[in-house]
Structure formats: C-alpha cells, structure tokens
Amino acid sequence: MSRRKRIAVLGAGIMGCSVALRLARRGVAVTLVDAAPGPFSAASRWNEGKIHLGYMYSADPGLRTAAHMIEGGLWFRPLVEEMLDCSLEPVISTGDDIYLCHRDSVVDAPAMEAYLHRVSDLVRSHPAAVRYLVDVSRTGAERLQPGELAEVSGAGEILAGFRVPERSVQTRWVADRFTAAVAAEDALEMLTNTRVLAVEPTGGSLQGPWKVSTADGVLGPFSHVVNALWEGRPVIDRTVGLEPVPPWTHRYRLALFLRTRLPVSGPCAVIATGPFGDVKNYNGRDFYLSWYPAGLVAEGSGLEPPAITAESLPAEKDLAAEVFRQLGALVPWTQSLPAATESFEVAGGWVFAGGKGKLSDPSATLHQRWRYGIERHDTYLSVDTGKYSTAPWMARELVDSLTG
Ligand SMILES: Cc1cc2nc3c(=O)[nH]c(=O)nc-3n(C[C@H](O)[C@H](O)[C@H](O)COP(=O)(O)OP(=O)(O)OC[C@H]3O[C@@H](n4cnc5c(N)ncnc54)[C@H](O)[C@@H]3O)c2cc1C
C-alpha cells in the first residue's frame, strides 16, 4: 500500500484503536475519530473482560457461536501484548470461572454439561490453545462435586456447577495502555469530541475517495474508511447507501466495578444461562458484579440506539444494593463484599448484538452470537466487533486484508 494513502478509522474502542495502531505501524497515515473526549471511553473500558472461549453460549448447541469465539479468544493475549508491548500477566483473573446452572436456565444441567465438554474438545484441539491467557491445551470443563457446589452456591436455585478454564482481564488497565499507545504513534492522528454524521464517496462509488462529515465540519479525502462505531455503526452504513441487515438489538448495560480495602476470596462465578448475573474476582481486591435485569437500562432494535435519559438511569446505590442482594443469594461468598468495599463505580456501555428476543426465551436468536465480523465493500469497511475478546484478532484480519 502506498504511504500516500490515508485511512479514516471511525470509533476509538478496542476495535478502532487496534486497527489504527496496526495500520500506523505499517506506515499508513490514519485519522482516528471519536465523539468521546478520549479513546476507550465506552464499552471497551467498561466491560468485564471475559476472554470468551465459547463456554457461555450453551443455548447455541450447534457450536457455531463457540467456534466463532475460540479463535479470537485464543489469540487475544499475544496480539494485545504485541500491540501494547507489555505483558497482560498482572491483570489476568487468577482463577477459573465457575458456571452455575440456574433452575430457570434455558439449557438444563445435562445439556449444559454435554455442551461444555464439546467446547473443551474444540479448545484443546486448537493449535493456539497454549496462547490463551493461561495454557488451555490440557484442561477442560469439570462438573463440581456436591460438596464443592455447596461451597460456592446458595441452595435451591442452582442445580449444578462446572469449573471452566476461562479467564478475564481488567479492562480499565488495558484501556489506559491502549490510550497511551495511540498517543505515542506519529502516523496516527486522533480526533476526539468529533461526532461522525455521515460518510460519502466523493467519486460517487464505493471506490471512494471518501469524505467524513462530522458535527464540526468535513474531513478528508480518505482512500479508505473503516467504520468501527459499534452502537453507532448501522446509521453511518446507511449514509453510505448500505442497508444494515436485521435483526439486531441495542442494549445499554450497567455493572459494578468495585475495589475492596483488604483481599476477599471467592471464585469467579457466572449464573447460566439466561437473564442472570455474574461476579468476577480479578485479584482478590478488584471485582466486577452484574445482575442483568437490574443493569439493563435501555433496549431497542431500531437503526439508532434508544435514547438514555436521566430518568432511565437507576440511582447508583439502588443498583448496587440490588446486585448485592441477587448475587448474595446465589453466590454467598459475595455477601462479604459490601462491608469490605473501599470504592465502586457503576458504569457500562452499549451491547450491539445480531439477534433478537429475551434471554429467558430459549429460542431467542440473541443466544446465537456468530453473526458478526468484517463487511468489505471495496474501500469502505464496516466491522461489527461482536465481542471485546475477538476484536484484536479481527483487527489483524482487517489490516492484513487492507495492506496485503
Ligand atoms: C456491561 C458489559 C459487559 C461486557 N462484557 C464483555 C466480556 O466480558 N467479554 C467480551 O468479549 N465482551 C464484553 N462486552 C462487549 C464488549 O464490551 C464490546 O463487544 C466491545 O467493547 C466493542 O468494542 P468496539 O470498539 O466495537 O466499541 P466501543 O468500545 O463502544 O467503541 C466505539 C466507539 O465509537 C464511538 N462512537 C459511536 N458512534 C459514534 C459517532 N456517530 N461518531 C463518533 N464516535 C462514535 C463511541 O464513542 C465509542 O468510543 C460487554 C459489554 C458491556 C456493555
């Protein structure tokens, strides 16, 4: 690719920043545009950082979702470490996840167990299994014995438990490192506080060159545009003349990011499968806690995400109390967290998902999460990140396809 090419990357979350860094390091001039005051201000900062291997998606027993997640999940660590030039080791959660099968789960315990074993086979047989956050080439899902289950979960509502070799990273740490890497890259121009309104080809065809209209004026011309705007992506695709293909759902979700004064022990636990919640214990002092119905503040399937008003946001202390109450009943060790809390933030972001329906409905297409990826239309590329965990891998694919 010629050095004279200039590429506009729209959206400075994990996808846009990964694409922009890779392009810049291949000598391409890049303009990275975001409406927020800085990179990584939205979902890519405020998520729980589970680096998915597909275990979560037992309601898609055909393994299509799992297969989609595994490749990106296994490559997350080496690709991010390469981009940030530092090790992720200090921010990887220290224990395996425990999946707890709720009695109202859309998948019953025997089916969940069979699914988890099939995912383990897929993961173990992958040549990159040693590259995951921890080596997963010789481990797999294991059913908890009754005594082990009783130690982790409250009686009654949890029917079975499984130890699953899935880990997470602390996303705020990763966000700060990405922000510094973007700022340090000479070939990368970062435009913050700049809302994108439309993208138009100056030549009248998808070959470009392109103009990007923003609330502050027109940018360009650019030889290529990469739309990585996540919740804002479909509306900009339409300005190019590309009709987004339904179904999709926008959901705005909040969770608790909490730090304790002293270490608290207890495993990471996911209540599966449906509209429940989870707790992530990263290192004994930093925690993520969510209860899905309490944290879901907006949901819609229009071209644009639904508006979030001050009235639709719960009071932080009410949300925290509800999360503690619900998780405390199902995962009793979390009952010690409120008294041990040093500080907490309620934060979150948009989840844009190909699919529709309620998580409590086993037939909802929202349980299938394989309909995402890169759409290339000549010199205009639109990328649905799908997951934080798959973004670095998709960014590499995208940049390879652009630079040969
Ligand atoms: C509570 C929660 C928990 C989650 N947990 C996980 C998890 O454990 N594991 C996992 O893999 N994924 C998880 N996700 C999903 C994950 O966060 C997203 O898939 C990922 O962060 C999306 O990255 P992105 O770069 O596409 O989007 P973002 O990080 O949202 O970046 C998009 C950027 O585009 C900007 N933007 C949007 N519209 C415009 C516009 N018109 N003009 C200018 N800028 C605009 C926004 O300001 C934003 O900075 C979770 C999400 C949430 C909300």
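The model is predicted, so local features need pLDDT of at least 70 and side-chain atom pairs count only at pLDDT 80 or more, while totals for chains, interfaces and linings use all residues. Residues are numbered from 1 along each chain as its sequence is written.

Start with the domains. The assignment gives domain 1 (6-43 + 175-245 + 373-403) and domain 2 (94-166 + 247-367). Such bounds come from an automatic or database domain assignment. The C-alpha centres of domain 1 and domain 2 lie 30 Å apart. Nine residues of domain 1 are in contact with eight residues of domain 2. Two residues are in contact if their C-beta atoms, placed from the backbone, lie within 7 Å. On the side of domain 1 that touches domain 2, helix H6 (residues 233-240) gives the most, with three residues. Helices (H or I, at least four residues) and strands (E, at least two) are DSSP runs, numbered from the N terminus. That side of domain 1 divides into six nonpolar residues, no polar ones and three charged ones. Here Ala, Val, Leu, Ile, Met, Phe, Trp, Tyr, Cys and Pro count as nonpolar, Asp, Glu, Lys and Arg as charged, and the others, Gly among them, as polar.

Now look inside. In soluble globular proteins, nonpolar side chains tend to be buried together. A residue is buried if 20 or more other C-beta atoms lie within 10 Å of its own, exposed if 12 or fewer, and partly exposed in between, with C-beta atoms placed from the backbone. A nonpolar core is a set of buried Ala, Val, Leu, Ile, Met, Phe, Trp, Tyr and Cys residues joined through C-beta atoms within 7 Å. The largest such core has 114 residues. Within this core, Ala8, Val9, Leu10, Val19, Ala20, Leu100 and Val226 touch the most other members. Helix H1 (residues 14-25) gives the most to the core, with eight residues. Why does this core lie between domain 1 and domain 2? Both domains give residues to it, so it lies between them. Take Val226 as an example. Not counting residues up to four places away in sequence, Val226 touches Ile7, Val9, Leu10, Val19, Leu381, Val383 and Leu398.

Next comes the ligand. How many residues surround it? The shell holds 36, and the closest are Gly13, Ser44, Asn47, Trp230 and Gly232. A residue is near a molecule if its C-beta atom, placed from the backbone, lies within 6 Å of it. The shell divides into 16 nonpolar, 13 polar and seven charged residues. Domain 1 and domain 2 each supply at least three residues of the shell. H1, strand S11 (248-260) and strand S16 (341-354) each supply at least two.

Turn to a pair of strands. Strand S8 (residues 210-214) and strand S9 (residues 217-222) pair in the antiparallel sense over four bridges. Two strands pair if DSSP finds at least two bridges between them. A hairpin joins S8 to S9 through two residues. Ser213 stands opposite Val218 in S9. Strand S9 also holds Pro221. The peptide bond from Gly220 to Pro221 is cis, with omega near 5 degrees. Another cis bond runs from Ala272 to Thr273, with omega near -15 degrees. Thr273 lies in the loop between strand S12 (268-272) and strand S13 (277-281).

Finally, meet some single residues. Asp60 sits in the loop between strand S2 (29-33) and helix H2 (64-84). Is Asp60 buried or exposed? Asp60 is buried, because 22 other C-beta atoms lie within 10 Å. Leaving out residues up to four places away in sequence, Asp60 touches Thr65, His367 and Gln368. Asp60 and Leu366 are 306 residues apart in sequence, but 9.7 Å apart in space, C-alpha to C-alpha.

Leu84 belongs to helix H2. Leu84 counts as partly exposed because it has 16 C-beta neighbours inside 10 Å. Its contacts, leaving aside neighbours within four places in sequence, are Arg177, Phe178 and Ala181. Asp85 lies in the loop between H2 and strand S3 (97-102). Asp85 has 9 C-beta neighbours inside 10 Å, so it counts as exposed. Phi of Asp85 is near 55 degrees, a positive value in a residue other than glycine.
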